[in-house]
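Dear colleague,

I am handing over the structure below, and after it you will find some notes on how two parts of one chain meet. Please read them with the structure open beside you.

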Amino acid sequence: MPYYLKKRITDIIINIVMLMFLGLTLLPIGWMVFSSLKSSTDIAIGRVGLSQTLDGRPKIQWENYVDMWKNVNFGLYLKNSLIICGATMVIAMLLSTLASYSLSRFKFPGSDLFSNTILATQMIPAIMYLIPLYIMFVKFTVMTGIQVKGTYWGLILIYSAFFTPFSIWILRGFFASIPKELEESARIDGCSALQVFWHIALPLAIPGIIATGIFIFLTAWDELMFAWVLTNGDTMTIPVGIRLFVGNYQNRFDLMMAAATVATLPLVVLFFFLQKYIVAGLTAGAVKG
Amino acid sequence: MAKVVLENVFKYFDDVVAVKSVNLEIKDKEFVVLVGPSGCGKTTTLRMIAGLEEVSEGKIYIGDRLINDVPPKDRNIAMVFQSYALYPHMKVYDNMAFGLKLRGLPKKEVDERVKEAAESLELTKLLDRLPKQLSGGQRQRVALGRAIVRNPQVFLMDEPLSNLDAKLRVQMRAELQRLHKRLETTIIYVTHDQVEAMTLGQRVAVILNGELQQVDNPVSIYEKPANRFVAGFLGSPQMNFIKGVIRKKAGKYSFEAEAFTFVVPPEVDGLLAANVDKEVIFGMRPEDLWDVPSSTWLEEQHRFNIKVKVDFREMMGSDINVYVKAGKDQMIGRIGTFADPKPGAELDLVMDLRKIHFFDPETQKAII
Ligand SMILES: Nc1ncnc2c1ncn2[C@@H]1O[C@H](COP(=O)(O)OP(=O)(O)OP(=O)(O)O)[C@@H](O)[C@H]1O
Ligand SMILES: [Mg+2]
């Protein structure tokens with residue numbers, strides 16, 4: 001078989017496999033969007049197609065997207081999620097960018113121990129922290145009178161603390177892949193250590209920083225366990241709030257699906273505009289000498 | 001524009017001694033080449049001058065200022081890296097302007113200087129490109145331009161031509177020499193390429209195992225190598241080395257190898273007195289071992305005819321390198337292309353006795 005034909009066939013096979021993966025990934029999302037356009041009853045009875053009007057024509061239940069804001073306080077949850085995840089992302093990125101740069105470039109007493117400790121923290125499952133943290137939150141309030149549980153900053157603190165080590169670990173690789181000579185050249189050109197970071201290392205690590213930032217935002221956006229335990233009615237995030245559509249007195253799966261669709265939109269938009277960086281970031285090697 | 005002085009400089013990496021007791025004074029506006037085999041400590045020396053590597057012991061001065069503890073940015077030097085180290089996220093213009101902007105020069109002056117340097121290096125059309133959109137030779141010129149605009153006291157260059165193809169390298173060598181004339185700046189240039197060292201350097205410093213072997217102008221280094229290492233390192237093919245003994249008979253000194261003996265010409269023999277009846281290493285460059293027709297102009301007392309057996313030959317285009325044997329000793333000679341030495345055949349060659357060298361086999365130092 002000639003070479004180009006072989007390549008053609010492998011390409012086709014790879015494409016088919018990729019399409020299957022894509023389908024598999026899109027299936028639940030499609031299901032979600034589709035269900036959000038059906039009536040509550042039709043979801044409950046497991047109807048396959050769209051809902052119908054009384055005279056038998058198919059009906060798209062756009063009202064779900066209006067009712068979801070009324071049935072529960074979805075606007076508040078959206079706001080809470082944006083504040084908490086946004087703040088977490090900013091704080092974790094600031095800390096981890098600086099920390100990972102210094103870990104990748106400078107040797108100081110304890111730098112190796114510090115790197116390894118960061119990695120070690122990742123081996124403990126998050127759920128192990130849940131009860132101790134809850135008790136700490138409550139005790140802290142008892143002792144100082146400062147409210148922590150149920151506040152924005154309480155959850156932001158926890159999220160930042162969780163995501164910073166992970167981000168440091170990822171970003172360290174990005175900084176390490178920037179050729180040393182670039183920074184040396186900048187130092188000779190007249191940069192102080194901080195200017196080297198600002199003018200050379202930071203711009204070159206941007207793809208990695210953005211990719212990591214999005215990852216943090218996504219993970220925080222989806223986080224349920226801590227948010228459930230550590231927020232209250234005023235600071236509830238989307239994953240917590242969305243559960244209220246299914247309650248003791250009514251099961252509004254239709255509204256839940258609509259809310260889930262709305263909650264997915266910011267992520268889709270984020271991905272859409274930044275996919276260039278995400279791909280570059282995930283494939284590392286973003287910086288070549 | 002300043003001299004650079006290294007005083008008894010050492011560099012240790014843990015237990016590796018990368019640079020050992022280097023004393024070197026580079027004059028103002030001088031073009032000095034540091035040359036030596038891979039791993040001998042050239043780059044380390046240069047990086048210490050740049051301030052990228054701490055000096056373990058000793059002192060380095062730029063001008064009259066001791067700079068051991070001065071950070072690189074305050075040394076007023078520019079460095080061209082082997083990998084060029086162009087900032088990938090900046091256009092050519094910004095790459096060149098970066099150092100000037102950091103120093104807070106007015107925008108107008110930055111612009112003038114960058115444009116002027118770009119003009120002289122034929123980069124004007126490329127100013128809007130990113131480094132990845134340039135060819136190797138163009139990148140190299142941008143790296144030079146970035147150094148030039150800064151107008152530094154000292155230029156440091158670490159094998160700047162080694163990533164270029166042979167033809168471009170020759171071109172850039174000429175370019176660098178013109179540049180040095182025009183800029184009138186001190187240049188310290190590191191290379192492992194002896195041709196670059198010979199053609200570029202006003203003075204050449206040969207380094208081996210972190211130690212400075214010899215510093216002199218290229219011609220002197222080539223003609224009067226201080227030791228066997230320098231003699232062997234410079235010149236291609238390498239100098240022939242043959243073991244033998246110095247004898248004195250009837251007031252005349254002669255050199256006895258296994259297969260041949262010749263009388264050392266009287267100009268040089270005074271230096272041999274201390275080595276009579278001792279083993280020495282005789283050295284002779286391939287280009288001083290000729291075929292008979294090419295050497296007819298050489299006076300009788302400087303000629304030594306030797307019969308050898310041809311091993312094999314290398315056609316070099318302009319001439320032929322013949323690998324021959326005199327007894328067990330191997331030698332390389334350089335002969336004209338009209339000769340046609342067949343492997344295994346006998347061949348008559350002529351040594352130019354004005355160009356002979358002797359080395360002490362123990363210290364490796366040159367006797368003559
Ligand atoms: N950061 C370092 N840590 C440990 N050893 C080093 C370091 N840098 C250089 N060395 C050692 O110091 C010696 C000199 O290295 P250097 O880079 O100066 O050689 P060089 O003459 O520039 O060689 P080349 O022609 O291959 O570039 C080598 O033996 C090298 O292994
Ligand atoms: Mg080197």
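**Two domains of chain B**

In chain B, the domain assignment (bounds taken from an automatic or database assignment) gives domain 1, residues 4-233, and domain 2, residues 240-359. This is a predicted model, in which local features need pLDDT of at least 70 and side-chain atom pairs count only at pLDDT 80 or more, while totals for chains, interfaces and linings use all residues. Residues are numbered from 1 along each chain as its sequence is written, chains are lettered from A and ligands numbered from 1 in the order in which they are written, and side-chain values use heavy atoms, with hydrogens and water left out.

The C-alpha centres of the two domains of chain B lie 39 Å apart, and their contact (heavy atoms within 4.5 Å) takes seven residues from domain 1 and six residues from domain 2.

The area buried between these domains, meaning the accessible area (1.4 Å probe) that two parts lose on being put together, summed over both, is about 680 Å², and carbon and sulfur atoms give 58% of that area. On the side of domain 1, B:Tyr222, B:Arg228 and B:Ala231 supply 71% of the area that this domain buries against domain 2, more than any other three residues.

Across the interface, the rule for salt bridges (a side-chain nitrogen of Lys or Arg within 4 Å of a carboxyl oxygen of Asp or Glu) finds zero.

Best wishes
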